[in-house]
Amino acid sequence: MATGELTRTDRFVNSALFVLLLVLGVSGVIMLYGVWQPWLFDLHRIAGFALVALLPWKGLTIYRSLRRGMEKTLDRTVVLVLSIVFAHFIALILVLAIMWTLRLGPYSSLTQTLIAWHWILGLAIFPILAIHVWRRWPSPRKEDVASRRAFLKMGAVAAAGLAGGALANFVGRQQATDDRPRRFTGSRGFGEFTGNDFPVTGERPVRLDADEWALVVRGAVDAPLTLTYDDVLGREAQTVTATIDCTNGWYSVQEWQGVPLMEVLREAGMADKATGVRLTSVTGYNHTYPLAEAGKILLATHVSGEVLAPRHGFPVRAVVPDRRGWFWVKWLREVRVLDRYRDLVTGIAGSPFQVLRQF
């Protein structure tokens, strides 16, 4: 074998790592959006521990590469440096996840919770991964993945992932406390039906004067509306029990009182060709939702019998069941009905950039 040539095991490890990183990335992004399927969270944990099982093998490859030293070619030097940075990021991301699951160390550090740093760094490494795959990741050969030895390796990696995931779930449940129970998402509980006594999501609190505030409903409607706070309170309120589960790693179960969004849209004469709605805060923060999801949104004025506090979105915030807390737009000022699929897709595609405004 020539100096620097990768072995069959090296190629298998690289291919397996690539697949696992894709699984972790895709499942992680879906989890950020708030798809409440327990199996998806279990898949994410299993893939993480399977990746841990591959790290010793990958470490040997990196060690051999480092022993050869920095070559004169700029390309290999840059890629090798990026690989070392990437490896340290992966290790840190895994450590943060394990610490959070097992409740080891502090709840937060550098203004963010440990689990928030886990997914922030997880998103940050993908450009580095793309460069590494582009420049250095070798294509697998058939014998690397379609041989008896390869199947045994895949079985061992899968077994390690399943065992690690099961152990993490078990230990995580044991480490949970009565006042901070654990949800299947990994988030820690902060009260049930406690009114305004739960953590804050998103941007810094905004204090608004209810007498000067108004909610505008416009776009693809026959009769645009401007609703004052008294107008909203004067409508028949509905109560919805919904769990707000934040990407910062906490959740809270509350009763939310307010007016269903669809009632307001019907009052405004929503166009038959409407495709979705965009909710915008007084801060400019916004989210776009398809029409089917808009039917579940509540324009909330109260939480578990208490008027919303300014930090939680007074006068009105959106309650969006089955979505992460960063979709629950606070301090609403505009509801815009969309009638073009291009606007709907553009708005949804821009959602990942909105979450960055919370940090």
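Mentor: Buried means under 20% relative accessible area, exposed means over 50%, and partly exposed lies in between, with a 1.4 Å probe and protein chains only. This is a predicted model, in which local features need pLDDT of at least 70 and side-chain atom pairs count only at pLDDT 80 or more, while totals for chains, interfaces and linings use all residues. Residues are numbered from 1 along each chain as its sequence is written, and side-chain values use heavy atoms, with hydrogens and water left out.

Trainee: Why is N196 called buried?

Mentor: The relative accessible area of N196 is 8%. Buried means under 20%, so N196 is buried.

Trainee: Which residues does N196 touch, not counting residues up to four places away in sequence?

Mentor: N196 touches V303, E306, V307, L308, A309, R311 and H312. Contact means heavy atoms within 4.5 Å.

Trainee: Where is N196 found?

Mentor: N196 is in the loop between β3 and β4. Strands (E, at least two residues) and helices (H or I, at least four) are DSSP runs, numbered from the N terminus.

Trainee: F193 lies in that loop too. Is F193 buried, partly exposed or exposed, and why?

Mentor: F193 has a relative accessible area of 42%.

Trainee: What makes the phi of F193 worth a remark?

Mentor: Phi of F193 is near 55°, a positive value in a residue other than glycine. Most residues other than glycine have a negative phi. R103, in the loop between α3 (74–102) and β1 (108–109), also has a phi near 55°.

Trainee: Why does R103 count as buried?

Mentor: R103 has a relative accessible area of 19%. The limit is under 20%, so R103 is buried.

Trainee: Why does D211 count as exposed?

Mentor: D211 has 72% relative accessibility, and exposed means over 50%, so D211 is exposed. D211 is in the loop between β3 (188–192) and β4 (214–219).

Trainee: What makes D209, D211, E212, D230 and D231 a patch?

Mentor: They gather in a patch of negative charge on the surface. Like charges are joined within 9 Å.

Trainee: Which peptide bond is cis?

Mentor: The bond joining F314 and P315 is cis, with omega about 10°. Most peptide bonds are trans. P315 lies in the loop between β11 (306–307) and β12 (317–319).

Methods
Patch = residues over 30% accessible without salt bridge, like charges linked within 9 Å, V, L, I, M, F, W, Y side chains within 5 Å. Areas by Shrake-Rupley, 256 points an atom, 1.4 Å probe, with all protein chains shown as cover. Salt bridge = Lys/Arg side-chain N within 4 Å of Asp/Glu carboxyl O. Lys, Arg positive; Asp, Glu negative; His and termini not counted. Charge placed at Lys NZ, Arg CZ, Asp CG, Glu CD.
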